[in-house]
Amino acid sequence: MVHKLWLFLALIFCLSGCWDQEEVSKRALVLAMGLDQAAEGKIKVSLQIPIVEELLIVPSGAAVSAKPFALVSAEGSSAFATVPGLNAKTQTSLFFGQIQTVFINTELARKGLTGPTDFLRRHPTVPPQAFLLLTERPAHEMLEVRLISKRIPSYSTVTFFHSNNKKDQVFPQRIWEFNRNIRSQTQDAFIPLIEYDTKEETFIIKGLGVFDGDRLAGILSGEETRMVGLLTGKTRNAYLSIPTERFGRITFRKVTAAPRTKIEHNGHQLLFRFHVNAQGFLVESTRGITRFTPEDLEWIQTKTALYLNREIKKAVQRLQALNSDILALGEKYRAHYPRKWDPANWKLLYSEAKIEVSVKFTVTRSGTML
Amino acid sequence: MNVRSKKSNELNIIQSVIQEAGNPADLRILPFGRELSVYLIYLNSLIPLEKYQDLIGHLPLDRPDREQSRLPMRHETFQADLGITEAVAKLLAGHLLIVKPGTSGIAALDVQGWLKRQPEEPQTERLIRGPREGFVESLDDNIGMIRRWIQDPNLKVEEIVLGRRTKTRVAVLYLDDVAQPRLATEVLRRLKAIHIDGVLESGYIEQLISDRRTSIFPLTQATERSDKAASAILEGRVVILVDKSPSSVIVPVTINEMYQTPEDYYFNFWIGSFLRLIRLLGNNLAVVLPGLYVALVAYHPELLPTQLALSIAGTSSRVPLPLIAEVLLLEIMVEVFREAGLRLPGAVGQTLGVVAGIVLGLSAVQAGLISPSTLAVVSITAIASFTGPNYSVVISWRLLKFIMLIAAAILGLYGIVLSGIAILVHAADLNSFGVSYLAPWAPLQWRTLKDGPFRAPFWARLYRPETWRPQDELRSGGTKKEDEH
Amino acid sequence: MNQEKTAIGPWLFWSLITIICFGFGYINTNTYNVETMGANGYWAIPLAAVCTVPGLIAVYFLMKRFPNHNVIQQGTLIMGNFFGRTAGIIYLLFLLVYFIVFTTDVDILVHSYLLDSTPFYILCAIDLIITVYLSTRGIETISRIASFVILPLVTIVFLLFSFIIPEIRIDRLMPIFDFRFNFKSVGGPSILHIFYPMGLWALITPYCHGIHQKIPRMTLLAFLVLICLFLVDSIVTIGIYGHTYISQLPYPSIEAFRTVEISYIFIEQAGLFGVIVLLASTIISSGFSLYAISLGMSQVLGLWDYKRFVWILTPLIFITNIHLAHPGFIKSLSHLFAKHGWMVIWGYPILLSILAFIFKKKGKTTHGS
């Protein structure tokens with residue numbers, strides 16, 4: 001009797017209709033998404049879907065299509081409201097689980113991204129590790145560009161961000177980090193700004209878009225981004241080039257930093273103290289000088305430290321002006337002054353805070369020359 | 001009594017024997033001795049007596065019967081004073097019957113003259129390093145092989161006869177001062193409880209003494225290797241040898257034992273551990289890989305690396321069959337080829353394996369019947385399934401692989417988890433002669449776990465596995481670490 | 001009555017209580033921790049452990065005094081037939097509803113993250129089938145499964161969390177010693193819910209008869225492992241999300257797992273595998289809970305055995321699962337149990353131990369049915 005009961009229950013298992021089963025070849029894999037501001041306050045969503053047969057290597061050597069992906073777009077009152085329209089344009093059902101990159105147009109970002117990106121955190125299949133990129137061009141155009149290095153544009157950004165040696169002027173922002181930061185009172189979000197060079201058919205990282213809350217507040221230049229990287233310790237391989245009278249232009253590579261940040265509250269004003277211990281490999285001297293004496297190195301180090309001091313201060317002041325706390329100073333303030341922490345007046349304190357920067361720079365190596 | 005009446009007495013005895021034995025065609029009667037007064041009765045198929053001309057000359061025909069009766073019967077090669085029924089039983093078991101003048105009883109001599117195979121390495125348990133000796137079909141020879149490993153007076157050899165018609169001799173071997181007394185008693189009890197027509201192979205015994213007869217997992221261990229059997233006895237387990245069967249049965253057993261080979265101990269512990277881990281990995285791959293493939297491709301493509309997902313999507317877009325049908329079809333074909341390969345003569349079987357695997361597989365891919373990724377997955381599964389050293393448990397897992405595959409096809413990764421847990425529940429519920437089947441993982445036996453996924457070095461293996469609850473726990477004094485150079 | 005004549009060893013006991021606490025606890029731990037203690041939510045774990053000790057001492061005390069009886073039977077011996085049975089029924093009903101809420105929460109998790117097109121009732125049914133199969137096998141099998149699964153589970157969980165550690169920002173965990181409890185009402189102690197499942201041990205004390213001496217040691221070891229697991233979970237989750245964002249997440253630990261990215265190896269979203277591993281622990285926890293509740297039911301009503309009660313309770317659980325399947329509703333129910341559950345789970349054994357001490361009640365020392 002008991003065995004019959006188990007058999008009956010096992011049959012329930014087997015008669016289940018496999019509702020979720022859909023093979024990968026029967027799905028429209030979305031590799032990249034673009035979000036643009038459309039007319040009448042609508043949002044335009046564009047999807048980059050690869051044509052998988054075109055991506056296969058053909059043994060006979062026949063010419064493969066230059067554009068192995070399709071682009072579908074639709075407009076809607078919200079980001080996910082466009083999905084029925086997008087579904088209507090594809091033969092197979094859309095699958096968001098392989099999204100690599102989401103391009104967001106700066107115009108949309110300036111209006112606020114809490115709404116447009118909400119579905120990215122709610123949809124269970126959207127990978128939280130997908131990268132976000134800002135673009136001043138319409139996002140759907142970025143999905144269509146032809147790249148000299150990679151056949152699918154979205155995939156090149158993945159390779160780009162996975163390389164440690166690229167962490168100089170750009171730092172990745174993933175969906176989960178972005179969603180956390182735009183809803184956080186102690187830290188603001190940033191998204192790298194990317195552009196397309198039509199002549200060289202390649203992407204260019206132009207800077208870093210910084211947010212105040214969920215709105216794009218401004219764009220940091222490459223140099224400012226580099227300074228932010230040094231301040232946060234995210235830099236893995238920065239390049240630094242400094243003009244000097246004695247040695248010509250000196251360039252460093254593999255510049256990294258170990259920053260320490262302190263916040264002091266003197267009753268009515270905050271003081272941010274940044275202490276940065278940076279180091280780098282000296283790789284170029286345009287005057288071809290070799291055999292640096294200890295005094296020469298000391299001079300170079302001091303000069304570089306001064307340069308960094310100035311640039312870091314400028315970068316932080318720029319962030320204050322934009323009211324964007326991407327350095328998570330709010331978190332630090334809350335951690336050290338929990339009783340004084342008040343999210344309502346944090347931004348005011350932040351924008352009026354004084355800054356003190358001290359930098360120590362060390363030349364670790366001078367390459368294969370003395 | 002005159003000579004004529006004495007002779008008729010012997011002839012009467014011979015007649016009775018012939019009648020009792022059913023007048024078989026291979027029965028022979030050889031008058032022997034001076035005056036041809038002694039009669040030798042034997043079955044020509046079991047004792048080719050012409051080969052034993054020297055033996056005949058040395059037959060102990062003149063030994064006084066009185067002395068024989070004081071010796072324990074079961075140890076006697078030469079038994080005298082047997083009745084007709086007992087004598088016929090001996091005749092059928094391959095003994096030489098002797099009818100002497102002046103006696104009413106019949107004597108029997110255990111000659112063991114039937115055809116025997118030379119010991120050779122078992123086909124399914126080959127090793128790179130280790131003895132090339134496997135059990136044969138003769139019980140006495142097999143016992144002899146064990147005795148050559150274990151020359152200890154505590155080695156007990158108990159013998160019983162099973163099978164109403166086959167009268168198969170079954171021997172139970174264990175170390176009296178190591179094995180749990182309850183274990184040996186229980187084994188003998190279960191064997192004696194068997195009432196069956198005939199026992200043709202040790203597999204019959206395995207299934208009849210198993211704790212759970214409906215379980216898919218083998219609850220006894222079969223081996224043809226004498227070193228493996230000897231090692232089991234030394235750990236405190238019991239070995240059952242069956243006459244006419246080269247497979248011995250070792251009890252109790254745990255799932256851990258199924259993945260151990262003697263080779264693990266013949267190499268150093270680094271190599272032994274590596275081999276064992278490879279085996280476990282291979283077995284897990286063989287069971288889970290098809291289901292995992294179906295679950296990832298059909299239910300959770302977000303888990304696949306993008307380039308792999310695109311590649312699989314591209315290659316399988318032309319395939320007409322749904323993925324689960326493709327995988328099931330290929331798996332079943334692999335099983336068919338495997339079974340077919342067993343029946344074919346050696347060289348043809350190997351060639352067929354190559355043809356089936358490579359030529360047919362590639363042809364099917366090029367014809368668009370199956371996708372290359374599915375073929376790769378099924379091939380890896382098929383080859384990985386050969387890493388398991390124990391044939392019974394490998395076959396069990398091959399069957400369970402289908403269950404996991406169907407569960408994956410229904411519910412994806414969640415189905416694999418659920419079916420995996422259901423299989424684990426079943427395994428956890430099993431006992432083999434009072435020992436948990438999942439030991440030393442469940443219950444956790446830390447000392448024995450050293451011999452689980454890894455093989456501890458000999459200097460760390462001072463104790464016998466606590467799984468078998470041996471009486472004498474200490475295996476040896478061990479070579480102390482400081483003795484190592 | 002068909003009582004199992006079996007026993008569990010010390011390591012089986014340890015595996016069992018560790019797995020069931022982890023299985024029950026990981027889903028909502030961080031939500032309650034940060035709600036009560038903010039950025040110091042990780043302190044809730046050792047605090048909850050300390051607060052659980054009196055309850056465990058009470059159960060141990062009762063076990064020593066009534067070695068052959070579990071908490072249900074102890075109730076009737078101490079408080080008399082009527083009050084004992086009534087209290088036992090209330091205790092078991094509470095456990096049953098807690099179990100139903102938990103299993104519905106897990107089914108919603110599976111439905112949201114893994115199989116969103118499969119009808120919810122199918123998921124409930126299949127989950128329940130496996131749970132029922134496990135619970136009908138008895139305490140020995142359940143503890144063996146726990147023992148088999150625990151080491152790989154702990155290893156995988158620690159490994160996955162180690163991949164998230166680089167994303168932690170220490171500032172989110174600070175200040176470390178700024179304890180500001182948020183006890184809005186009686187119910188601030190929702191942090192104690194992590195170790196509620198240990199209370200189920202009170203239902204299987206007769207099977208621990210042979211390991212009385214080792215129980216304190218094994219319980220301490222279970223505490224250590226659980227504290228490590230939950231501490232790492234809490235520190236990692238708060239460290240990457242911050243305490244304010246966590247309150248918006250239904251399953252913070254799962255979301256933390258999903259951020260794991262192990263580039264360029266076979267699996268992209270490794271976090272989803274973490275979800276699968278965690279689901280294994282929840283199934284074992286469910287199996288044990290159902291077994292314990294059914295056992296208690298059969299004892300308090302004096303009818304049949306636990307296997308029959310498993311079958312009797314199954315349709316009731318199934319129907320309730322389906323009707324409770326609204327994420328917000330389940331979360332609030334779950335919160336309610338977390339806030340007030342300690343009164344029943346620990347309160348009942350503590351009450352019984354006090355009464356046993358006052359009225360000098362003791363059980364027989366010989367084995368009986």
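This is a predicted model: local features need pLDDT of at least 70, side-chain atom pairs count only at pLDDT 80 or more; totals for chains, interfaces and linings use all residues.

Me: What makes chain C and chain A count as being in contact?

Reply: The cut-off is C-beta atoms, placed from the backbone, within 7 Å. By that test 26 residues of chain C are in contact with 22 residues of chain A, so the two chains do touch.

Me: Which helices of chain C supply at least two residues each to the side that touches chain A?

Reply: Those are α5 (81–113), α6 (120–135) and α9 (243–246) of chain C. With four residues, α6(C) gives the most to that side.

Me: How do you know what classes of residue make up the side of chain C that touches chain A?

Reply: Sorting by residue type gives 11 nonpolar, eight polar and seven charged residues there. Gly goes with the polar ones, so any Gly on that side sits among the eight.

Me: Why is chain A described as having domain 1 and domain 2?

Reply: Because a domain assignment, automatic or from a database, sets the bounds: domain 1 is 24–52 + 66–220 and domain 2 is 222–370 of chain A. Their C-alpha centres lie 30 Å apart. The contact between them takes 20 residues from domain 1 of chain A and 25 residues from domain 2 of chain A.

Me: What gives the most to the side of domain 1 of chain A that touches domain 2 of chain A?

Reply: That's β9(A), with five residues. Both β9 (202–212) and β10 (215–220) of chain A supply at least two residues to that side. By class, the residues there divide into eight nonpolar, eight polar and four charged.

Definitions and conventions:
Residues are numbered from 1 along each chain as its sequence is written. Chains are lettered from A and ligands numbered from 1 in the order in which they are written.
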